[in-house]
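Trainee: I've just opened this one and I'm new to it. Could you walk me through it, beginning with a single residue and its surroundings?

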Amino acid sequence: MVLPQRIHAQALRHSAQAHHGRARNNTQTTHERDYQLLDEDIRDASRGAVELGLAQALASARQTVAMRLVEQVDGDTEEAAELVAKEVEVDIEVARRIVGGRLRTPVASWPSSPAPSC
């Protein structure tokens, strides 16, 4: 059988392999790397899922690493915990642990007066 000029066996094998949904005659890693990742239809179909996953990962990272500021808290009191909870938008139990010194938190500070200019 002779195939039309623009169609060749390699392209047919690639299409069948990419759309079959599982590895055939090779490992799953080879199937994903050499067939699925190179197939434009599969890349287009998965674009939304990849973008959503990346957006969720970014949102999680921002939430986890975000610096929150409370200018001053005096002592281990319920009022101090309520202030921290409100200012940094954390649960009141977390705020109580923060002001009580029972939760490890990174601390940042800056000078109270402006830095001298050169």
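Trainee: Which residues is Ala 95 in contact with, leaving aside its neighbours within four places in sequence?

Mentor: In this model, which is a predicted one, Ala 95 is in contact with Ala 81, Val 84, Ala 85 and Val 90 once the neighbours within four places in sequence are left aside.

Trainee: And how far apart are Ala 95 and Val 84?

Mentor: Along the sequence they are separated by 11 residues, while in space their C-alpha atoms are 5.7 Å apart.

Trainee: Is Ala 95 buried or exposed, then?

Mentor: Ala 95 has a relative accessible area of 0%, so it counts as buried, and it sits in helix H5, which covers residues 92-99.

Trainee: Which residues make up the largest nonpolar core?

Mentor: That core has seven residues, namely Ala 80, Ala 81, Val 84, Ala 85, Val 88, Ala 95 and Val 99. Helix H4 (78-88) and H5 each supply at least two residues of this core, and the largest share, five residues, comes from H4.

Trainee: Switching to the whole protein, how many helices and strands does it have?

Mentor: The protein has five helices and zero strands, and the pattern read along the sequence is α-α-α-α-α.

Trainee: What percentage of the residues count as buried?

Mentor: Of the 118 residues of the protein, 12% count as buried. The accessible surface comes to about 10,000 Å², and carbon and sulfur atoms account for 54% of that surface.

Trainee: What about contacts between residues 24 or more positions apart?

Mentor: Those account for 13% of the contacts in the protein with a separation of 6 or more.

Conventions: Residues are numbered from 1 along each chain as its sequence is written. This is a predicted model: local features need pLDDT of at least 70, side-chain atom pairs count only at pLDDT 80 or more; totals for chains, interfaces and linings use all residues. Side-chain values use heavy atoms; hydrogens and water are left out. Helices (H or I, at least four residues) and strands (E, at least two) are DSSP runs, numbered from the N terminus. Buried means under 20% relative accessible area, exposed over 50%, partly exposed in between (1.4 Å probe, protein chains only). Contact means heavy atoms within 4.5 Å. Accessible areas come from the Shrake-Rupley method with a 1.4 Å probe; for residues, only the protein chains shown count as cover. A nonpolar core is a set of buried Ala, Val, Leu, Ile, Met, Phe, Trp, Tyr and Cys residues joined through side-chain atoms within 4.5 Å.
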